[in-house]
Amino acid sequence: MHEVKRVGVIGAGQMGGGIAQVAAVAGFDTVVSDTTDAAVERCKATHAKLLARAVEKGRMEQADADAASSRLTYAVGGAEADGLSGADIVIEAVVEDAAVKAKVFSTLAKRFADPVILATNTSSISITEIGAAASKAAAGADARVIGMHFFYPVPVMQLVEVINGLATEEEVTKRVIALAEAMGKTALPANDRAGFVSNRVLMPMINEAFYALMEGVAEPEAIDGIMKLGCNFPMGPLRLADFIGLDTCAHIMDVLAEGLNSERYRPCPLLRQLVTAGRLGDKTGRGIFDHQK
Ligand code: CAA
């Protein structure tokens with residue numbers, strides 16, 4: 001089995017940055033690439049802050065944080081960045097847009113030959129569809145395309161959902177499971193159906209919480225409190241929607257509606273309305289709750 005030593009991550013946002021951090025802490029030589037200097041600089045600053053906090057909290061020795069930092073490099077140029085050279089796996093964590101992902105995988109398939117694994121952190125786009133874009137650019141590349149779905153915040157969340165596309169080779173799946181475990185995560189398999197398992201189950205629940213609010217079943221604090229105290233969730237569904245981003249939640253519901261061919265998965269009108277108003281949750285300071293206070 002070809003061993004993964006160097007990890008490339010495309011996309012230096014919250015997900016890509018988190019994946020790169022966890023890989024570097026786990027001992028992998030890691031490069032994270034984005035299209036702009038500003039995105040890369042923000043990611044670098046977040047890594048410095050989170051590693052310093054881990055030392056402060058006694059979760060990590062200073063020497064280990066320094067070693068992790070020294071294993072992290074940053075590159076500008078997205079999928080074309082020179083810095084990605086030598087990667088044994090490239091994990092894509094760019095915007096959740098099928099056309100953008102197809103372009104990234106087309107570049108990656110031409111640039112990286114077997115046995116380099118081409119993984120995507122997509123939360124809902126079909127792995128088979130992404131694989132097809134790769135194999136269009138380089139015949140057979142779809143055998144190396146796989147879903148490696150991390151959860152936010154990546155350093156804290158235990159799960160990696162591993163999703164095979166129609167053409168994904170068994171050896172690739174085994175290597176990805178081994179990598180996720182080496183990163184300290186638990187890998188669990190799901191099939192390539194809209195939303196996989198995580199969002200197939202989570203998002204309709206969040207959507208239903210918006211319906212409950214819209215229909216006056218309870219106030220937001222009560223909806224969240226009931227689910228936190230009654231079901232032992234760390235965050236209520238409305239708080240979690242703000243945390244994930246209301247635009248992301250609405251987008252995933254639309255993907256479920258298309259992929260499962262059922263209107264019952266469409267975003268709740270209240271969710272759509274808040275997205276239209278620009279109330280996207282934590283990232284804009286306001287969603288269901290006000291985060292500016
Ligand atoms: N990055 C790194 N570490 C973070 C962090 C971040 N963004 N946010 C919190 N943490 C760490 C904190 O440092 C803290 O660790 P220490 O005590 O050692 O410092 C630990 O997490 C707990 O944080 P807090 O004490 O601040 O707060 P908390 O106990 O309420 O936990 C939480 C915060 C871990 C986010 C918790 O509320 C939780 O688990 N929420 C649910 C998160 C969830 O469901 N995520 C999945 C979203 S869905 C998804 O990602 C997939 C998709 O496709 C949409």
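A residue counts as buried when its relative accessible area is under 20%, as exposed when it is over 50%, and as partly exposed in between (1.4 Å probe, protein chains only). The structure is a predicted model, in which local features need pLDDT of at least 70, side-chain atom pairs count only at pLDDT 80 or more, and totals for chains, interfaces and linings use all residues. Residues are numbered from 1 along each chain as its sequence is written, and side-chain values use heavy atoms, with hydrogens and water left out.

**Exercise 1.** Decide whether Pro234 is buried, partly exposed or exposed.

*Solution.* Begin with the place of Pro234, which is in the loop between helix 8 (220-231) and helix 9, where helices are DSSP runs (H or I) of at least four residues, numbered from the N terminus. Then take its relative accessibility: because this is 77%, Pro234 counts as exposed.

**Exercise 2.** Work out which helix gives the largest share of the shell around the ligand.

*Solution.* The elements giving two or more residues to this shell are helix 2 (37-56), helix 7 (198-214) and helix 9 (237-244). The largest share, 3 residues, comes from helix 9.
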